[in-house]
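Biologist: I have not looked at this one before. Can you walk me through it?

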Amino acid sequence: MSRFTRVLAVLYETLRLFPTVTYIPKVAAQDTTLTVRNVDGGETTFPVPSGTEINIHVPGLHYNPRYWKEPHKFIPDRFLGDWPKDAFIPFGQGARACLGKRFFEIEGIAVLTMLVSRYKIEVKEEPAFALETFEERYARITAFNQGLTTSSLRVPLVFKRR
Ligand code: HEM
């Protein structure tokens with residue numbers, strides 16, 4: 001499994017652009033502070049009293065150009081070299097991060113590898129969309145509902161046996 005680095009990179013890049021969990025609610029267990037970096041490079045420290053509710057906005061971090069070059073582009077290779085681990089939180093982070101992360105990674109690698117090795121996957125050609133640009137097609141195929149979780153609107157793909 002550890003040799004399927006490119007397949008995992010594709011799964012990670014998908015989770016970066018379309019994180020399944022879009023915000024992670026937390027409650028401060030004790031009085032603390034939170035320091036954020038401002039656009040001008042300075043820092044602001046906020047008091048966070050015990051009991052404060054904080055929602056971590058996952059896409060806000062995953063699309064932040066401070067950490068990701070061309071954040072709106074699907075570039076799996078960005079996960080092959082050195083990448084900003086703390087700016088990628090589809091499974092949360094820290095002591096209460098997702099218990100099933102490795103389970104998902106193994107299963108995801110197995111499913112995706114078997115699918116692409118057995119099927120050629122193409123976008124369905126539909127006369128109504130014959131004149132669309134690449135960008136329009138990308139937006140149509142990746143359109144999703146964003147609630148607590150992300151769900152695709154429509155997946156117009158055709159699987160052809162290899
Ligand atoms: C793409 C797949 C998955 C994603 C994106 C995902 C994401 C998450 C996120 C964001 C959290 C909350 C972390 C936090 O509160 O900081 C979480 C928690 C959790 N996940 Fe997942 N998860 C996935 C798959 C799974 C699977 C396959 C399992 C079980 C086999 C699982 C079991 C859990 C459990 C038990 C927790 C609670 C951990 C705790 O509170 O200590 N997850 N997951």
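What follows is a short chat about the fold, the ligand and the surface.

Biologist: What kind of model is this?

Modeller: It is a predicted model.

Biologist: How many helices and strands does the chain have?

Modeller: There are 4 helices and 8 strands. Starting at the N terminus, the order is α-β-β-β-β-α-α-β-α-β-β-β.

Biologist: What does the C-alpha trace span along its principal axes?

Modeller: About 60 × 40 × 30 Å.

Biologist: And how much of the chain counts as buried?

Modeller: The chain has 162 residues, and 24% of them count as buried.

Biologist: On to the ligand. Which protein donor does its iron atom have?

Modeller: Cys98 is the only one, through its SG atom at 2.2 Å.

Biologist: Where does Cys98 lie?

Modeller: In the loop between α2, residues 58–62, and α3, residues 101–118.

Biologist: Which residues come nearest to the ligand?

Modeller: There are 14 residues around the ligand, and the nearest are Lys26, Pro90, Arg96, Cys98 and Gly100.

Biologist: How far is the side chain of Lys26 from an oxygen atom of the ligand?

Modeller: An N or O atom in the Lys26 side chain is 2.8 Å from a ligand oxygen. For Arg96, the corresponding distance from a side-chain N or O atom to an oxygen of the ligand is 2.7 Å.

Biologist: Back to α3. Is Glu105 buried or exposed?

Modeller: Glu105 lies in helix α3. Its relative accessibility is 3%, so Glu105 counts as buried, the cut-off being under 20%.

Biologist: Which side chain does Glu105 join in a polar contact?

Modeller: That of Arg102, with a contact of 2.6 Å between the two side chains.

Biologist: Now the surface. Which residues make the nonpolar patch?

Modeller: Val111, Leu115, Val116, Ile121, Val155, Leu157 and Phe159 make a patch of about 540 Å².

Biologist: Which element gives the largest share of the patch?

Modeller: Helix α3, with 3 residues. Both α3 and β8 (157–161) supply at least two residues each.

Biologist: Where is Ile121, and how exposed is this residue?

Modeller: Ile121 sits in strand β5, residues 119–123. Its relative accessible area is 35%, so Ile121 is partly exposed. That class lies between the buried limit of 20% and the exposed limit of 50%.

Definitions and conventions: Residues are numbered from 1 along each chain as its sequence is written. This is a predicted model: local features need pLDDT of at least 70, side-chain atom pairs count only at pLDDT 80 or more; totals for chains, interfaces and linings use all residues. Side-chain values use heavy atoms; hydrogens and water are left out. Donors are N, O and S atoms within 2.8 Å of the metal (3.2 Å for Na, K and Ca); water is not among the atoms, so sites may look incomplete. Patches are made of residues with over 30% relative accessible area and no salt bridge: like charges are joined within 9 Å, nonpolar side chains (Val, Leu, Ile, Met, Phe, Trp, Tyr) within 5 Å. Accessible areas come from the Shrake-Rupley method with a 1.4 Å probe; for residues, only the protein chains shown count as cover. A salt bridge is a side-chain nitrogen of Lys or Arg within 4 Å of a carboxyl oxygen of Asp or Glu. Buried means under 20% relative accessible area, exposed over 50%, partly exposed in between (1.4 Å probe, protein chains only). A residue is near a molecule or strand if one of its heavy atoms lies within 4 Å of it. A polar contact is a pair of N or O atoms within 3.5 Å; within protein, one must be able to donate a hydrogen and the other to accept it, and residues adjacent in sequence count only if both atoms are side-chain atoms.
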